[in-house]
Amino acid sequence: MVEQLKKPQIIAHIEKSLNFSIFDTKWIPLSAKFVVMGSKPNGNGIVKIFELNSGDLDSIKEFEGKASFKCGSFNASSVRRPQLAVGDFDGRLTVFDLERTSEPTFQVEAHKGIVNSIDAIGGASVTCGAAEICTGGRDGTVKVWDLRQNDGPVACISTEQNADTRDCWCVAFGDSHNNDERAVCAGYDNGDVKLFDLRTMRQKWDCNVKNGVCGIEFDRRDIKMNKLVVTTLEGGLHVYDLRTQHSAKGFACVSERDAGRSLGTNGVISGAKSTVWCAKHLPQNRDIFVTCGGSGAIRLWHYNYPSKRSKELSDGSLQGVAGTLDMLQAVTLSMQPIHCFDWSPDNAGLAVCGAFDQTIRVLVTTKLNLY
């Protein structure tokens, strides 16, 4: 028991039930506020803004859309004037100024069908390069949008002609360490993971992880590619070291196959494998991240680098060496899957998550400063 208390603890600080389905939640930068996006029973989209207030949540604003809101991001906006980019079930990409939500500042028909995933870059968190938004849709395409242009995407990535169209479930920006470099990684329902170099407009790498890819994230967007976390159906968790790419073997990887299984009262992992819905890196430490499972559990992981991150093969080529994963803590918070999660960018350990039980939970994780 004493040893357990020495580890980080994940504490459910506030729980609040809502009267609509939750699809995503995001912190508003430099504030104690966050937004919850989802779907009302009549099919309309809803965005609700909450603020932390002395151990409780105050609802301070809400607005609706014509179709359910699936995903959102603040990462292409400035801190002083946060703008929320959202994707909806009708395939629209819309950007709202939270101070004036009656008229969107940007709107396009992005996809044929649901916008499954969205990521953004070029705002306050990554100051180099243009402010861009990436969307992945049920139509299988990945599109990159420049907020200065309203006449179409600046990049459109789709499957090859005559190939089966795969549903793109998740997208992520990375490698934006100067004004020229930028990459997008996409995950698909058949287990494909594809990495695209936006500067050269070429596919840099691809692999298949055997199960549908539910979550994907670089450990940092604003550095040279370092690590990539991929989560899947049936409990898959894969961490790729992106510093060394072998021409045939690709990137080194460490995997956990039980990342979505249930936890017993004694902490023992058991039961059927369930979906690992997402992975989110701690903003203050890129080697710590959480995964959210279909069993209603959240797991906290720490990545340990190897003594050498690459090795020379007999033919003189370099191959990456994967590190190891330690599960620092795990806690079951819900009887339903926890499918969205966001760390506060300003307060280490503060987070918010949403579950299929229509409940949002504000979490506090302790002892993160020890790593």
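This is a predicted model: local features need pLDDT of at least 70, side-chain atom pairs count only at pLDDT 80 or more; totals for chains, interfaces and linings use all residues.
Colleague: Which strand holds valine 144?

Modeller: Valine 144 belongs to strand E12, which covers residues 142–146.

Colleague: And which residues does valine 144 touch, leaving aside those up to four places away in sequence?

Modeller: A contact means heavy atoms within 4.5 Å. Valine 144 touches Glu132, Ile133 and Cys134, then Pro153, Val154 and Ala155, and also Phe173, Val184 and Leu198.

Colleague: How do I read a pair of residues such as valine 144 and histidine 111?

Modeller: Look at both separations. Along the sequence, valine 144 and histidine 111 are 33 residues apart, while in space their C-alpha atoms are 12 Å apart.

Colleague: Let's step back to the whole protein. How many helices and strands are there?

Modeller: The protein has one helix and 32 strands. Its radius of gyration is 20 Å, close to the 21 Å that the globule rule gives for 371 residues, so the protein is as compact as a globular protein of that length.

Colleague: What share of the residues counts as buried?

Modeller: Of the 371 residues, 55% count as buried. The accessible surface comes to about 16,200 Å², with 44% of that belonging to carbon and sulfur atoms.

Colleague: And how many charged side chains are there, positive and negative?

Modeller: There are 42 positive and 43 negative side chains, and the centres of these two sets lie 3 Å apart.

Key
Residues are numbered from 1 along each chain as its sequence is written. Side-chain values use heavy atoms; hydrogens and water are left out. Helices (H or I, at least four residues) and strands (E, at least two) are DSSP runs, numbered from the N terminus. The radius of gyration is taken over C-alpha atoms; the globule rule is 2.2 Å times the number of residues to the power 0.38. Buried means under 20% relative accessible area, exposed over 50%, partly exposed in between (1.4 Å probe, protein chains only). Accessible areas come from the Shrake-Rupley method with a 1.4 Å probe; for residues, only the protein chains shown count as cover. Lys and Arg count as positive and Asp and Glu as negative; His and the chain ends are not counted. The place of a charge is taken as NZ of Lys, CZ of Arg, CG of Asp or CD of Glu.
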